[in-house]
Amino acid sequence: MNKENILERSRIENKNGDEMDIWKELNSYKTAFLIIECIFALAAFILSVQEFFTKRSFGEPALMLFPFILCNVILYSVKYKYDKRRIILIILVFSVIALALVIISFIISVMGLLDQ
């Protein structure tokens, strides 16, 4: 084989990018996703504890839980699309239920239905 054929094959094989670079990028997205999820979960926990003990809060815990649970719904939806295991479906269903409850809780707190 001559040099031009080798270079042409190499270009064809790497047209989607280097696998290590793709892996690094996906791994960084996963890490960022996990960190953001942890921050929102911690904020929701702190606001919930604060509201429990002081009966008032400087933020809405449901508002902090919304992105956390929404991320889980999206994550497990994509996982279930590619891997049809029952446990992923169960987690997805519970995540959707939790998301609905968070939305209902936020609407109730904004409308002030429980303060009457």
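This is a predicted model: local features need pLDDT of at least 70, side-chain atom pairs count only at pLDDT 80 or more; totals for chains, interfaces and linings use all residues.
Visitor: What makes up the secondary structure of the protein chain?

Guide: The protein chain has 4 helices and 0 strands, and along the sequence the pattern reads α-α-α-α.

Visitor: How much of the protein chain counts as buried?

Guide: Of its 116 residues, 15% count as buried. The protein chain exposes about 9500 Å², and carbon and sulfur atoms supply 68% of that area.

Visitor: Why is serine 95 called buried?

Guide: Buried means under 20% relative accessible area. Serine 95 has 10% relative accessibility, so serine 95 counts as buried. You will find serine 95 in helix α4, which covers residues 86-111.

Visitor: Which residues is serine 95 in contact with, leaving aside its neighbours within four places in sequence?

Guide: Serine 95 is in contact with Ile69, Asn72 and Val73, once those neighbours are left aside.

Visitor: Let's follow asparagine 72. Is asparagine 72 buried or exposed?

Guide: The cut-off for buried is under 20%. Asparagine 72 has a relative accessible area of 16%, and therefore it is buried. Asparagine 72 lies in helix α3. Leaving aside neighbours within four places in sequence, asparagine 72 is in contact with Phe33, Glu37 and Ser95.

Visitor: How far apart are asparagine 72 and serine 95 in sequence and in space?

Guide: They are 23 residues apart in sequence, and their C-alpha atoms are 6.6 Å apart in space.

Visitor: What does tyrosine 76 touch, not counting residues up to four places away in sequence?

Guide: With those residues not counted, tyrosine 76 touches Ile88, Ile91 and Leu92.

Visitor: Which residues are buried in α4?

Guide: In α4, the buried residues are Ile88, Leu92, Ser95, Leu99 and Val102.

Visitor: How do you know that the span of α4 is close to the expected one?

Guide: The expected span is 1.5 Å times one less than the number of residues. Helix α4 has 26 residues and reaches 38 Å from its first C-alpha to its last, close to the expected 38 Å. Helix α2, residues 19-54, can be set against the rule too: it has 36 residues and reaches 52 Å, close to the 52 Å expected.

Visitor: Which residues of α2 are buried, and what follows this helix?

Guide: The buried residues of α2 are Glu37, Ala44, Leu47 and Gln50. After α2 comes lysine 55, whose phi is positive, near 65°.

Visitor: Why is leucine 65 called partly exposed?

Guide: Leucine 65 has 27% relative accessibility, so leucine 65 counts as partly exposed. Leucine 65 is found in helix α3. Not counting residues up to four places away in sequence, leucine 65 touches Ala44 and Val102.

Visitor: What makes the meeting of arginine 85 and aspartate 83 a salt bridge?

Guide: Side chains of opposite charge can pair when their charged atoms come close. A salt bridge needs a side-chain nitrogen of Lys or Arg within 4 Å of a carboxyl oxygen of Asp or Glu. The side chains of arginine 85 and aspartate 83 meet at 2.8 Å, N to O, as a salt bridge. By this rule the count is 1 salt bridge. Arginine 85 has a relative accessible area of 46%, so it is partly exposed. Aspartate 83, at 30%, is therefore partly exposed as well.

Visitor: Which residues form a nonpolar patch on the surface?

Guide: The patch is formed by Ile87, Leu89, Ile90, Val93, Phe94, Ile97, Leu101 and Ile104, with about 730 Å² of accessible area together. A patch residue needs over 30% relative accessible area and no salt bridge. Leucine 89, in helix α4, has 33% relative accessibility and so counts as partly exposed.

Technical notes: Residues are numbered from 1 along each chain as its sequence is written. Side-chain values use heavy atoms; hydrogens and water are left out. Helices (H or I, at least four residues) and strands (E, at least two) are DSSP runs, numbered from the N terminus. Buried means under 20% relative accessible area, exposed over 50%, partly exposed in between (1.4 Å probe, protein chains only). Contact means heavy atoms within 4.5 Å. Accessible areas come from the Shrake-Rupley method with a 1.4 Å probe; for residues, only the protein chains shown count as cover. Patches are made of residues with over 30% relative accessible area and no salt bridge: like charges are joined within 9 Å, nonpolar side chains (Val, Leu, Ile, Met, Phe, Trp, Tyr) within 5 Å.
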